[in-house]
Amino acid sequence: MIKLLVIHCVKNAKIQEMETELENVNRKLPFETPDGYFDGFEEKMMNRIHAEEVSAERHHVEQLNSHRHRVLRLAISGVAAVALLVIGIYTVIGYQNSVNAQAEQIIAATSDEDAYYDEVNDALDTEEIEEALAQLNFYE
Amino acid sequence: MDNEIEKLVPSLQNPKTRERAFSELMRLTKRALYWHIRKIVLVHEDADDVLQNTYIKVWRSIESFKGECQLYTWMYRIATNESLTFLAQQRARNVSAPLDYEDLMIQRMEADSYFDGDELQKRFQEAIMTLPEKQRMVFNMRYFDEMEYKEMSEITGTSEGALKASYHIAVEKIKKIITG
């Protein structure tokens, strides 16, 4: 019991000592500011705020311009892509047309040749043909 | 002073009178905000940067200030957040440095020509530096500014009970360190 009482007293004394120690520390902060730091602070701050606003405005305009440029670039790219597509389609169609025309010419030419041989064949009678073939020793 | 600050709110929200009102607001609050920030970041140059950033944030957001709390409390909250963000950025930059960030801050504080403390005060600041950032802030607001828990609660968004517990733990830690 006495031992507990002694411990309690010692503990209280220690806490008291600690509190006194903390109280001894000056509550005034050990910091200073440069002489005249607060003088003209408002003016300095307003100048910085104005500068920041000008800079923010410039940044905003730049962003807007950059956005406009981006949109313009996108529009130009779109127009160019459409133009290329149209040119491509026309080229393919043109090529297709020229191929078709050539084919038609060939067909037409072929038709003419057939007609010529038909005409020649019609002109020759069978005997003349056999005679001609005999001359060529076709039947030997 | 609080009343004077609150009276400025309508002028601050009117574009025509904003600039003059803002200068007045700075005149009324610059010292208190500076010292609040300085206790968190310790070094004058850093405190100056953070204070300026705080006022820029206030200027940009003053239109949207809804008056849900006092203007002064709102500004204090911005200053607190700016200070903690600043410390987080500094800590992130210091990741690969050989010294702990807290040790580095102590070194910077001692080297700061605007530190004017005796040996006991230096030890005291070193002890405060061992506290986690938010606990340190609570300790500073309560110990140096003797701020009410209610006001601290509005600034930090933490309950009064939690703040009391945090302050108590902080005091115990500091006492332990100081008495060795």
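Where is the place of B:S23? In this predicted model, B:S23 sits in helix α3 of chain B, the run that covers residues 18-41.

**Around B:S23**

Once residues up to four places away in sequence are set aside, B:S23 touches A:E42 and A:M46, which are residues of chain A. Within chain B, there is also B:L12 to look at: B:S23 and B:L12 are 11 residues apart in sequence, and their C-alpha atoms are 9.9 Å apart in space.

Chain A is simple to sketch: three helices and zero strands, running α-α-α from the N terminus on. It has 140 residues, of which 1% count as buried.

How many residues are in contact between the two chains? On chain A there are 22, and they meet 27 on chain B. On the chain A side, the elements that give two or more residues are α1 (2-24) and α2 (41-123). The largest share comes from α2(A), with seven residues. By residue class, the chain A side splits into 12 nonpolar, three polar and seven charged.

**Helix α8 of chain B and its surroundings**

Now over to α8(B), residues 133-143, and α10(B), residues 160-178. Their axes come within 9 Å and cross at roughly 90 degrees. An angle of 65 to 115 degrees counts as roughly perpendicular, so that is how α8(B) lies to α10(B).

Which residues meet there? From α8(B) come B:Q135, B:V138, B:F139 and B:R142, and from α10(B) come B:L163, B:S166, B:Y167, B:I169 and B:A170. The residues of this contact divide into six nonpolar, two polar and one charged.

The buried residues of α8(B) are B:R136, B:M137, B:V138, B:F139, B:N140, B:M141 and B:R142. Among them are B:V138, B:F139 and B:R142, which also take part in the contact with α10(B). What covers the buried residues includes α3, α5, α7, α9 and α10 of chain B. So that you can find them in the viewer, here are the ranges for some of these helices:

| Helix of chain B | Residues |
|---|---|
| α5 | 71-93 |
| α7 | 119-129 |
| α9 | 149-156 |

Note that α3(B) turns up here too, among the elements that cover α8(B), and α3(B) is the helix that holds B:S23.

Terms used. Residues numbered from 1 in each chain as written. Chains lettered and ligands numbered in written order. Predicted model: local features only at pLDDT ≥ 70, side-chain atom pairs only at ≥ 80, totals over all residues. Axes fitted to C-alpha atoms, helices over the stretch in contact; angles between N-to-C directions. Helix = DSSP H or I, 4+ residues; strand = E, 2+ residues; numbered from the N terminus. Parallel < 35°, antiparallel > 145°, perpendicular 65-115°, else oblique. Contact = placed C-beta atoms within 7 Å. Nonpolar A, V, L, I, M, F, W, Y, C, P; charged D, E, K, R; others polar. Buried ≥ 20, exposed ≤ 12 C-beta atoms within 10 Å, placed from the backbone.
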